[in-house]
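Dear colleague,

Please find below the structure that I am handing over to you, together with its sequence.

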Amino acid sequence: MRCPYCQSEDTQVKDSRPAEEGAAIRRRRVCPDCGGRFTTFERVQLRELVVVKKSGRKTPFDRDKLQRSFDIALRKRNVEPARIDRAVSGIVRQLESSGEAEVASSEVGRLVMEALKSLDDVAYVRFASVYRNFREARDFQELLGELGGEGRDGDAQ
């Protein structure tokens, strides 16, 4: 593993432990050349996924980009990081186990919407406003109407 600080290819593992409920291994590394310390994660990858954009362009699936989407939508929201990690891992597992090497970006977006809806309503609305390309307040009202239309126990006071 190359050092992110000095680019040396001779780094050493100092500590390894399970992460993400055993779905990954977290490794603490140190670079003997510059002394830099950093963490890496090792995960099982069932297959190489390719995301097909609306334009037809194809890009490699990037778990970190998926994670950033959740982080942005959930910014300043009180959601446990472990729940976010489980949601991201669940989406990745779903996509990898689908049997398809190519996945439409709209399918990834749909899965993110579902996951965010179960995590946090505000994050769901934030993501939906970008994903569905909201242009006016009416778009928000329609989405909030969908959320409000779902029967929720204990919300009325």
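**Strand pairing and helix packing**

V50 has E102 as its bridge partner in β6. Please bear in mind throughout that the model is predicted.

Two packed helices are described by the angle between their axes and the distance between the axes. Both values are given here for two pairs that involve α3.

For the pair of helix α1 (residues 63-73) and helix α3 (residues 105-119), the axes come within 11 Å and cross at roughly 40 degrees. An angle of 65 to 115 degrees would count as roughly perpendicular and one under 35 degrees as roughly parallel; α1 is therefore oblique to α3. The crossing in which α1 passes α3 is right-handed. On the α1 side the contact is made by L66, F70 and A73, and on the α3 side by V108, V112, A115, L116 and L119. By class, the residues of this contact are 8 nonpolar, with no polar and no charged ones.

For the pair of α3 and helix α4 (residues 121-131), the axes come within 8 Å and cross at roughly 160 degrees. Angles over 145 degrees count as roughly antiparallel, which is why α3 is described as roughly antiparallel to α4. Here α3 passes α4 in a left-handed crossing. The α3 residues in the contact are S106, G109, R110, V112, M113, L116 and K117, while α4 contributes D121, A123, Y124, F127, A128 and Y131. This contact of α3 with α4 divides into 8 nonpolar, 2 polar and 3 charged residues. V112 and L116 of α3 are listed in the contact with α1 and also in the contact with α4.

**The sheet of β1, β2 and β3**

Another open sheet consists of 3 strands in the order β1-β2-β3, with antiparallel pairing. At its edges stand β1 (12-19) and β3, each with a single partner strand, so one side of each has no neighbour in the sheet. The twist in this sheet averages 25 degrees from one strand to the next.

β1 and β2 run antiparallel and are joined by 7 bridges. Within this pair, D15 stands opposite R28 in β2. The two strands form a hairpin with 4 residues between them, and E20 in the turn has a positive phi of about 50 degrees.

Strand β2 (residues 24-30) is also joined to strand β3 (residues 37-43) by 7 bridges, and these two strands run antiparallel. In β3, R29 has F38 as its bridge partner, and V30 has R37. The hairpin of β2 and β3 has 6 residues between the strands, and G35 in that hairpin takes a positive phi near 85 degrees.

**Domains**

How is the protein chain divided by the domain assignment? The assignment gives domain 1 (12-43) and domain 2 (50-148). The C-alpha centres of domain 1 and domain 2 lie 28 Å apart.

With kind regards

Conventions:
Residues are numbered from 1 along each chain as its sequence is written. This is a predicted model: local features need pLDDT of at least 70, side-chain atom pairs count only at pLDDT 80 or more; totals for chains, interfaces and linings use all residues. Side-chain values use heavy atoms; hydrogens and water are left out. Axes are lines fitted to C-alpha atoms, for helices over the stretch in contact, and angles run from 0 to 180 degrees between N-to-C directions. A crossing is left-handed if the near helix is turned anticlockwise from the far one by less than a right angle, and right-handed if clockwise. Contact means heavy atoms within 4.5 Å. Ala, Val, Leu, Ile, Met, Phe, Trp, Tyr, Cys and Pro count as nonpolar, Asp, Glu, Lys and Arg as charged, and the others, Gly among them, as polar. Two strands pair if DSSP finds at least two bridges between them. Domain bounds come from an automatic or database domain assignment.
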